[in-house]
Amino acid sequence: MMKIKIHVTLRESVLDPQGTAVKSSLHAMNYHEVQDVRIGKYLEVMIEPSDRPVDEVVKEMCEKLLANTVIEDYEYEVEEAVTQ
Amino acid sequence: MKFAVIVFPGSNCDIDMYHAIKDELGEEAEYVWHDTEDLSGYDGILLPGGFSYGDYLRSGSIARFSNVMKEVVKAAEEGKPVLGVCNGFQILLEAGLLPGAMLRNKELKFMCRTVGLVVENPDTMFTSAYSKNQVIQIPIAHGEGNYYCDDTVFNDLKANNQIVFTYEGLNPNGSLGNIAGITNAKGNVLGMMPHPERAVDALLGSADGLNLFQSIVKHWRDSNVITA
């Protein structure tokens with residue numbers, strides 16, 4: 001079994017209204033160090049490897065469903081999960 | 001003319017859509033469940049608003065893989081009118097039948113009120129009963145109507161007159177170019193955030209949305225009904 005950790009974030013070129021609101025809130029709390037906040041999604045997908053390469057399968061899932069590549073970027077890492 | 005009102009788990013404007021077609025427009029309408037695999041018996045396809053699949057992941061992203069969507073794509077390719085309102089618009093974007101994507105409203109608020117819409121293009125099968133630059137009153141009700149696309153797509157939309165409706169005055173959601181509704185390049189798929197099906201009776205505030213449905217019927221009659 002493999003654990004795929006996927007991060008989906010809005011593209012740099014796309015304004016993130018939620019991140020902007022959170023940044024304002026952090027500034028209001030006097031965290032003036034904060035330069036920018038971007039909010040994304042974190043997904044954990046458990047995969048039992050098949051005859052297809054894991055990278056191929058994960059990329060396909062991301063492009064088809066998990067991320068909308070018009071507005072979002074994704075990155076992932078593959079972790080060998082301990083079997084029960 | 002016979003319309004299909006597609007119903008997904010979480011659709012909640014399907015009854016309004018059915019009412020608009022059946023009672024106000026006086027045409028045929030049927031509810032069609034999302035796992036249907038045949039839409040060949042319908043002349044027009046309506047994707048109503050709501051929160052299909054709880055808006056999980058992204059609005060419309062899961063509904064887009066329903067069985068019925070293969071048939072909606074087929075109907076669009078055949079040139080049948082396909083109208084997606086609100087969540088229906090989001091589904092059409094996710095399905096790639098329309099270009100671009102939706103972001104959260106700029107102010108992060110769910111906006112629910114009647115807005116003025118400018119009819120930018122009255123030369124479509126959805127808008128022939130309006131005149132150019134006419135301002136119509138149609139309600140909006142959405143939290144993710146902040147339309148976004150890249151510059152290339154935006155320029156194409158403008159060049160091909162695919163921007164059909166824009167918001168008049170204050171933009172309620174931050175959408176690019178004040179976009180409220182766009183068609184595909186062929187002009188037979190319209191996605192819009194405002195709800196024309198909620199504006200079909202003056203008693204309820206506005207009947208401006210009825211012209212949109214009348215336009216569709218007129219187009220269908222002109223191309224399908226032979227008068228002696």
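Student: Exposed denotes over 50% relative accessible area, and buried denotes under 20%. Is E78(B) buried or exposed in this model?

Tutor: This is a predicted model. The relative accessibility of E78(B) is 51%.

Student: Which residue meets R104(B) in a salt bridge, and how many residues apart are the two?

Tutor: The side chain of R104(B) meets that of E144(B), at 3.7 Å from N to O. R104(B) lies in the loop between β5 (101-103) and β6 (111-119) of chain B, whereas E144(B) lies in the loop between β7 (135-142) and β8 (146-148). The pair thus links distant parts of the chain, 40 residues apart.

Student: Which accessibility class holds R104(B) and E144(B)?

Tutor: R104(B) has 34% relative accessibility, and E144(B) has 22%. Values between the two cut-offs form the middle class, so R104(B) and E144(B) each count as partly exposed.

Student: Which residues are joined into one network by salt bridges that share partners?

Tutor: The network includes residues of chain A and of chain B. Its members are K41(A), E72(A), R58(B) and E94(B).

Student: How many salt bridges does the structure hold over all chains?

Tutor: Another of these pairs is E56(A) with R52(A), at 2.9 Å from N to O. Over all chains, the number of salt bridges is 15.

Key: Residues numbered from 1 in each chain as written. Chains lettered and ligands numbered in written order. Predicted model: local features only at pLDDT ≥ 70, side-chain atom pairs only at ≥ 80, totals over all residues. Heavy atoms only, no water. Salt bridge = Lys/Arg side-chain N within 4 Å of Asp/Glu carboxyl O. Buried < 20%, exposed > 50% of the residue type's maximum accessible area, 1.4 Å probe, protein only. Helix = DSSP H or I, 4+ residues; strand = E, 2+ residues; numbered from the N terminus.
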